[in-house]
Amino acid sequence: MKPKRANRPAKPNNRARRLIFIVLLAALTVAGLTAAFSGDDLEEISLSELNTQLNDEASEIDKLEISGARIEVFNEADEEEPVAYAIRDDIGVSFEDQGVNIPDDVEVNYKEDTSGSALWLGIITSLILPIGIIIVLVMMFRAAQGQGSQALSFGRSKARLYGNEKKNVTFKDIAGNEHAKEDLEEVVDFLKHPGKFKDLGAKIPKGVLLVGPPGTGKTMIARAVAGEAKVPFYSISGSEFVEMFVGVGASRVRDLFTKAKKNSPCIIFVDEIDAVGRRRGSGMGGGHDEREQTLNQILVEMDGFEQGENIIILAATNRADVLDPALLRPGRFDRRVNITLPSRKDREAILDIYFKDKPLSGDIDVDALAAKTAGSSGADLSNIVNEAAIRAARRNSKKIENKDVVEAFEKVAIGPARKNSIMSEHEKELTAYHEAGHAIVGHVLPHSDEVHKVTIVSRAHTGGVTWFLPPDDKVHYSIMEFKDILARMMGGRVAEKVVYGPEAVTTGAGSDLQKATELARDMIMNQGMGSSQLRDRVFHVENSEILDRMMADKLYSDRTAELIDQEVANLIKEAADRAEAVIKANMGCIEKLKDALIEKETVEAEEVLEIFKDSRLPREAQQLNLKS
């Protein structure tokens, strides 16, 4: 349910109404000016002059039309275009009463006098213009006042207030992260029952930092804390504090805390706080950097909290290592709650929540999907369920079936299938050998994961995919597991070399080689898994230490850098040698899988196991080249 905002914005049709009014006003003004200045400019004539014209022997007048003080004279020669005059004298009842002698052959017609209505029309139209100008000036003045108020509100907080919804989010609406909920129950208790803590002299915590990978539900958990405590919830992003004008961010921080104090007890939630709370003194931006001034104001406001205000700040980030130490000291964000990726049990509970209100067929295996999605976040699972619903809708199905879920999972995990991609017979055979090389090495080596699927259907930027899934969620990896993964990564390139020769290898292994090199370097530099010269030593530099990476000396010598490069090369070579030994010892299995892939394009796990039932692990592949 989308939360309602506390302050509703102005209706979007106000501007349209104002525009219509201005257009109508302009049209009336133009019409009035046209009517005012379009009157007849008549020649004035006296009654005596008219009498002379009528009784002249050369006169050709045959008809008169009289309307008030206006007279139209028709001549025999041109009856279509009469001559109009304005009579200067008072006409009275008729011309005869004024001494005008009208010949018998001249026709006289009297019409209704419209000069009165014309007068009123002139008066009205003459008033339209000044009234229109006054209205336009008033509107311009009000618009200027509005712009002035916007300028004055430039430094106000853009935080959105929640808490008035009919249905609040609570911990029951969130699956997984039970340890995080337990930690945050304390915060809820502080907000609901502050008195029992004050009686014991305990201080209410000011800040709680939610740390976790993207998509794990940090914002949702913060909303659940406010829902459990039933208090207002101010939400703002860290980037909304900072503007191009110096001092605006600090002003918005002050305004936010002022609002929060008026609505105490409440929660302030700052999403992506690393956008404004980065480590100071890095040499980037100087001491007058707007971001640093905003951070200083946040620190001052947190120190300025008075006891009894019951305001707690929740902040979320996935980069806690870049935050300024002053933010994390006791009295500020002194509580840290880790929001982790969900376990298999948690993933199943999350999927149940997302599938809850959707029409499902009876063949969907949520437990199997939870097992496959190891390492997925809650946002990833939501995306899988949504993709499954989209696929079912495109099939014009009334229910989501298991095949929709499987295809959605594969699309999210490894990219959409490019079924229209056309490969030649040679490319198809080469891709089949490549993927079979990955599969046989991963299947035979004892510390590798299980083969889930092998396909030569192009997905994303790959020509084919060999998919391995761990039987259980893993937190720690041994050096043997890493080395088996390295050999598995090298299996595709080695298979090409064994089948077609060293000179015929292709670019199909580019991604594999990149990932293998990154893994080998991570083993040496970050995990201390090198040889005896580098064992149990790490050479990692935090990504946040920009100044160290740009200006400071390296944390290790050039000689050590050479040793690291040599260790990485040795790991890659060892992995390639082990993969080659496995492939040469199991060429019969590779040929069978290659044929199956060319025929079917996709081979599932059960069939792969049947094809590889006679595979073996050669002795040379069990030996490690790097000495401990």
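Which helix is Leu191 found in? I started there and found Leu191 in helix α4, residues 178-192. I keep in mind that this is a predicted model.

**Entry: overall counts**

I took the totals for the protein chain next. The secondary structure comes to 21 helices and 14 strands. The chain has 628 residues, and 40% of them count as buried. I also looked up contact range. Among contacts between residues at least 6 apart in sequence, 74% join residues at least 24 apart.

Is Leu191 buried or exposed? Its relative accessibility is 5%, so I log Leu191 as buried. I set aside its neighbours within four places in sequence and listed the contacts of Leu191. They are Ala229, Val231, Pro265, Cys266, Ile267, Asn310 and Ile312.

I then checked the distance to Lys230. Leu191 and Lys230 are 39 residues apart in sequence, with 8.8 Å from C-alpha to C-alpha. Lys230 sits in the loop between α6 (218-229) and β8. Its relative accessible area is 72%, so Lys230 is exposed. I noted its backbone too: phi of Lys230 is near 55°, a positive value in a residue other than glycine.

**Entry: Glu601**

I found another positive phi at Glu601. The value is about 75°, although Glu601 is not a glycine. Glu601 has its place in the loop between α19 and β14 (602-604). With 34% relative accessibility, Glu601 counts as partly exposed.

**Entry: aromatic rings**

How many aromatic pairs does the count come to? I get 4 aromatic pairs. One of them is Phe233 with Phe269, a stacked pair. Their centres are 5.8 Å apart, with 20° between the planes. Phe233 belongs to strand β8 (residues 233-237) and Phe269 to strand β9 (residues 266-271), so the pair ties together parts that are 36 residues apart in sequence. I find both Phe233 and Phe269 buried.

Tyr477 and Phe482 also form a stacked pair. I read 5.6 Å centre to centre and 15° between the planes. What is the relative accessible area of Tyr477? It is 34%, so Tyr477 is partly exposed. Phe482 has 12% and is therefore buried.

The charged end of Arg488 sits over the ring of Phe468, 4.3 Å from the ring centre.

**Entry: α14 against α18**

I turned to helix packing. Helix α14 (residues 425-444) packs with helix α18 (residues 558-585) at an angle of about 100°. The axes of these helices are 9 Å apart. Why do I call α14 and α18 roughly perpendicular? Because angles of 65 to 115 degrees count as roughly perpendicular, I file α14 and α18 under that heading.

Which residues make the contact? On α14 I list Gly437, Ile440, Val441 and Val444. On α18 I list Ala579, Val582 and Ile583. The residues of this contact divide into 6 nonpolar, 1 polar and no charged.

**Entry: Asn586**

Asn586 lies in the loop between α18 and α19 (587-600). Is Asn586 buried or exposed? Its relative accessible area is 2%, so Asn586 is buried. Leaving aside neighbours within four places in sequence, I find Asn586 in contact with Ile440, Val444, Ser615 and Arg616. I had already listed Ile440 and Val444 on the α14 side of the contact with α18.

Definitions and conventions:
Residues are numbered from 1 along each chain as its sequence is written. This is a predicted model: local features need pLDDT of at least 70, side-chain atom pairs count only at pLDDT 80 or more; totals for chains, interfaces and linings use all residues. Side-chain values use heavy atoms; hydrogens and water are left out. Axes are lines fitted to C-alpha atoms, for helices over the stretch in contact, and angles run from 0 to 180 degrees between N-to-C directions. Helices (H or I, at least four residues) and strands (E, at least two) are DSSP runs, numbered from the N terminus. Angles under 35 degrees count as roughly parallel, over 145 as roughly antiparallel, 65 to 115 as roughly perpendicular and the rest as oblique. Contact means heavy atoms within 4.5 Å. Ala, Val, Leu, Ile, Met, Phe, Trp, Tyr, Cys and Pro count as nonpolar, Asp, Glu, Lys and Arg as charged, and the others, Gly among them, as polar. Buried means under 20% relative accessible area, exposed over 50%, partly exposed in between (1.4 Å probe, protein chains only). Rings of Phe, Tyr and Trp (its six-membered ring) pair if their centres lie within 6.5 Å; planes under 30 degrees apart count as stacked, over 60 as edge-to-face and the rest as tilted. A charge sits over a ring if NZ of Lys or CZ of Arg is within 6 Å of the ring centre and within 35 degrees of the ring normal.
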